[in-house]
Amino acid sequence: MNATYQAKKFNLSGLNGISDQTLEMHFKLYEGYVKETNVLQEKISAILKDGKVDQEEMPAYSELKRRLGFEYNGMVLHEYYFGNLKKAGGGDPKRGSAFVKATEESFGSYDIWKTDFVGIGKMRGVGWAICYQDPTTGRLSNHWITLHEIGNVAGYTPVLVMDVWEHAFILDYKPAERPKYIEAFFSNIDWGAVEQRTQAPAQKSQRARAV
Ligand SMILES: [Fe+2]
């Protein structure tokens with residue numbers, strides 16, 4: 001029996017450059033991912049109930065499992081995304097913070113990290129820009145995620161998650177104006193949340209990955 005997920009509530013009204021209308025629509029989409037994740041888990045549980053996956057159940061079982069990766073990551077990534085936004089957020093992250101130190105160690109500077117992250121956000125296609133931290137070395141790396149499930153790095157911690165599906169901005173910007181949305185996203189980042197997700201590189205140095 002799988003646990004049933006409940007959609008979380010996020011109080012983000014009044015963001016800069018991302019309208020309440022967009023957020024309302026986006027929350028509904030997110031709730032859809034939570035619902036579908038629960039429905040898929042339930043259907044998979046029903047197949048497993050007799051302790052086996054019969055040969056004739058295999059096509060349906062396979063399709064449910066494939067869809068689970070999409071819906072599950074859709075649910076989780078939206079929680080990270082909404083969770084790293086806040087009203088009156090933005091600005092630059094604090095110098096000396098674990099996150100900024102990690103950008104310096106991993107990219108040379110925060111500005112180069114940002115160039116890479118924004119560059120990913122501008123890539124054509126449907127997906128996400130995600131800054132991950134390797135829990136073993138403390139190093140950051142930025143990744144393009146296609147859809148919700150393709151490109152996530154197993155075991156890494158998402159520290160900053162940006163939705164660049166068009167639904168994230170289409171009510172506020174034209175499709176070609178994605179850079180304006182990215183600018184708006186940066187002006188609303190909850191750097192406190194990012195900092196909480198980031199582990200200080202200093203704590204990690206003893207566990208640096210052998211090369
Ligand atoms: Fe989204």
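**Salt bridges, surface and pockets**

Analyst: In this predicted model, D50 has a relative accessibility of 43% and therefore counts as partly exposed.

User: Is K52 buried, partly exposed or exposed?

Analyst: The relative accessibility of K52 is 44%. Buried requires under 20% and exposed over 50%. K52 therefore counts as partly exposed.

User: How far apart are the closest N and O atoms in the salt bridge of E177 with K180?

Analyst: K180 has a relative accessible area of 45% and is therefore partly exposed. A salt bridge needs a side-chain nitrogen within 4 Å of a carboxyl oxygen. For E177 and K180, the closest N and O atoms are apart by 3.3 Å.

User: How many salt bridges does a search of the whole structure find?

Analyst: Side chains of opposite charge can pair when their charged atoms come close. Among the pairs found here are K52 with D54 and E177 with K180. For the whole structure, the number of salt bridges is six.

User: What accessible area does the nonpolar patch of V126, L147 and I150 have together?

Analyst: V126 is placed in the loop between α4 (110-121) and β1 (127-133). Its relative accessibility is 39%, so V126 counts as partly exposed. Together with L147 and I150, V126 forms a nonpolar surface patch whose accessible area is about 220 Å².

User: What is the volume of the largest pocket?

Analyst: The lining of the largest pocket includes V126, along with K122, W165 and R178. The lining residues divide into five nonpolar, one polar and four charged. The volume of the largest pocket is about 190 Å³.

User: Which helix gives the most to the lining of the second largest pocket?

Analyst: The second largest pocket holds about 160 Å³ of space. It is lined by 13 residues, of which P93, K94, W191, G192 and E195 are the closest to its centre. By class, the lining divides into four nonpolar, four polar and five charged residues. With three residues, the helix that gives the most to this lining is α6 (residues 191-197).

How values were computed
Residues numbered from 1 in each chain as written. Predicted model: local features only at pLDDT ≥ 70, side-chain atom pairs only at ≥ 80, totals over all residues. Heavy atoms only, no water. 1 Å grid on protein atoms, 1.4 Å probe; cavity = no way out; pocket = protein on both sides within 12 Å on 5 of 7 lines; lining within 4 Å. Points joined across faces, edges and corners; volume = space filled by probe spheres on them. Nonpolar A, V, L, I, M, F, W, Y, C, P; charged D, E, K, R; others polar. Helix = DSSP H or I, 4+ residues; strand = E, 2+ residues; numbered from the N terminus. Patch = residues over 30% accessible without salt bridge, like charges linked within 9 Å, V, L, I, M, F, W, Y side chains within 5 Å. Areas by Shrake-Rupley, 256 points an atom, 1.4 Å probe, with all protein chains shown as cover. Buried < 20%, exposed > 50% of the residue type's maximum accessible area, 1.4 Å probe, protein only.
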